[in-house]
Amino acid sequence: MTKLIQVIKGTHDILPQEIELWHFLEEKAVKIFNEYGYKEIRTPIFEATELFARGVGDTTDIVNKEMYTFEKSDRSLTLRPENTAGVVRSFIENGMSRLSSPVKLWYKGPMFRYERPQKGRQRQFHQLGVEMFGIKDPTADAEVILMAVNYLKSLGLNDLDVEINSLGCPKCRENFKQKLKEVLKPELNNLCEDCQNRYEKNPLRLLDCKVESCKAIFEKPEIQKVIQSDFICEECKEHFDKLKLYLDKMHVKYSVNKLLVRGLDYYNRTVFEIKSNNLGSQNAVCGGGRYDSLVKNLGGEDTPAVGWAMGMERLISLLPAKESKKLDGYVVSNYPAEAFELAEELRSLGYCVEFDLSNKKFTKQLEKASKVAKFALILGEDEIKSNKISVKNLATSEQKTVSKNELRSIL
RNA sequence: GCGUCUGUCGUCAAGCGGUUAAGACCUCGGAUUGUGGUUCCGAUAUGCAUGGGUUCGAAUCCCAUCAGACGCCCCA
């Protein structure tokens with residue numbers, strides 16, 4: 001027996017029975033994004049590896065160990081692990097900085113990360129995201145967050161927690177890192193292995209370590225003092241305060257989480273996450289923030305930007321299953337030519353219609369009709385002779401024999 | 001990369017060393033040659049992820065491999 005070929009670890013088929021939910025997510029996205037003036041952009045699924053190394057940051061796990069990279073004609077290419085870098089690349093390449101600000105873009109599509117799969121995490125997964133370019137003011141941050149919240153509400157997800165934080169600008173962040181390192185230095189040997197690595201690489205990441213012994217260390221008063229201190233500079237503080245003000249005005253409930261740092265290097269000032277309690281340990285449905293230096297770093301004009309991404313699979317796991325839509329009609333007949341003709345006629349009018357292709361018995365056809373359609377369109381000897389159709393409402397069992405024209409007023 | 005747990009029909013499963021490998025759902029057929037969704041009958045695993053081993057005897061115990069789930073790390 002030949003060995004079956006299976007899906008690749010961490011990838012999944014999206015089957016017909018779940019596709020309604022995907023369509024639902026996508027329809028709501030189009031609607032909301034239109035309301036806010038966002039245009040969809042579709043960028044390639046693979047890009048030059050260097051884009052991600054420079055864009056996402058080569059100290060990040062995503063770039064270091066999670067990319068699907070391959071060589072082709074001496075070029076190093078990578079399946080996109082996220083889409084901000086790609087959108088920024090396109091923004092620069094297509095001269096979008098010449099457009100009137102803000103430039104508002106949204107996208108959806110598959111992303112690829114070579115990670116160990118678990119609940120809420122797969123190697124190919126789908127993100128829905130937005131990016132807004134050209135606005136420095138925190139109104140942009142607020143609008144983007146508000147839009148995320150409204151989108152989630154439109155899906156029926158109301159009980160999610162919004163967490164925000166400010167990472168400051170590169171300058172004040174550097175100060176903070178130094179202070180943090182100073183105060184943690186005496187404890188360095190007591191920290192877990194991961195934290196010891198993070199100490200040099202990305203001290204901010206230390207803060208959300210889940211190891212109990214590390215947490216205990218961070219609870220120490222002198223360390224808490226540094227963590228809780230408003231390390232950010234005046235300008236950054238003002239930005240953050242304004243953001244909070246706008247969010248309050250828009251009735252967005254949020255909490256400030258000083259420990260919220262995000263894993264991509266490009267963020268500055270505002271970062272935020274939207275979390276659910278019903279997702280297992282991968283509990284963020286949405287993550288994003290401001291990235292004012294990314295466009296410049298990738299060779300474009302200095303352009304401030306904010307954005308976020310949502311994990312579509314995570315959203316779907318929070319939503320109740322949808323019943324698949326029923327056909328308008330199912331033609332029940334043992335006269336295939338006439339059944340075919342009727343089905344086609346109705347299809348050309350925009351109805352969703354199937355007919356029996358396997359010449360099953362009448363009762364079997366009707367049984368099938370009752371499962372998949374709202375109406376059974378019975379076309380037997382009598383109907384054909386009189387050029388009529390018997391229409392049976394499968395929910396109420398009402399049945400009428402009508403002409404083709406009358407049929408349209410029933411379906 | 002590390003850790004924990006799990007692999008019995010398309011799906012959900014019972015079985016825990018000797019069974020003819022339950023049952024339910026789905027699917028298909030019949031009761032019912034033009035009336036379904038209710039009902040009733042019937043069909044569907046010589047095989048229990050794969051390969052070894054222990055045993056008179058293995059789906060059941062052991063080892064390895066593979067696959068999956070969950071957790072760590074990280075992230076959506």
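For the classification used here, Ala, Val, Leu, Ile, Met, Phe, Trp, Tyr, Cys and Pro count as nonpolar, Asp, Glu, Lys and Arg as charged, and the others, Gly among them, as polar. By these classes, the surface near RNA strand B has 23 charged, 16 polar and eleven nonpolar residues; a residue is near the strand if one of its heavy atoms lies within 4 Å of it. The model is predicted, and local features need pLDDT of at least 70, side-chain atom pairs count only at pLDDT 80 or more, and totals for chains, interfaces and linings use all residues. Residues are numbered from 1 along each chain as its sequence is written, chains are lettered from A and ligands numbered from 1 in the order in which they are written, and side-chain values use heavy atoms, with hydrogens and water left out.

Of the 50 residues around RNA strand B, those that come nearest are Arg113, Arg121, Arg198, Arg262 and Gly263. Sugar and phosphate make up 54% of the atoms of RNA strand B that come within 4 Å of the protein. Helices (H or I, at least four residues) and strands (E, at least two) are DSSP runs, numbered from the N terminus. At least two residues of the surface near RNA strand B come from each of β6 (124–133), α7 (193–201), β10 (284–290), β11 (305–311), α14 (362–372) and α15 (381–386). The most is given by α14, with seven residues.

The side chain of Gln399 places an N or O atom 2.7 Å from a base oxygen of RNA strand B. For Gln282, an N or O atom of the side chain is 3.2 Å from a base nitrogen of RNA strand B. Gln282 is found in the loop between β9 (268–275) and β10. Its side chain also joins that of Ser281 through a polar contact of 3.2 Å (a pair of N or O atoms within 3.5 Å; within protein, one must be able to donate a hydrogen and the other to accept it, and residues adjacent in sequence count only if both atoms are side-chain atoms). Gln282 counts as buried because its relative accessibility is 16%, where buried means under 20% relative accessible area, exposed over 50% and partly exposed in between (1.4 Å probe, protein chains only).

Two further residues were examined for accessibility. Leu180, in helix α6 (residues 170–184), is buried, at 0% relative accessibility. Phe70, in strand β3 (residues 68–72), is partly exposed, with a relative accessible area of 32%.
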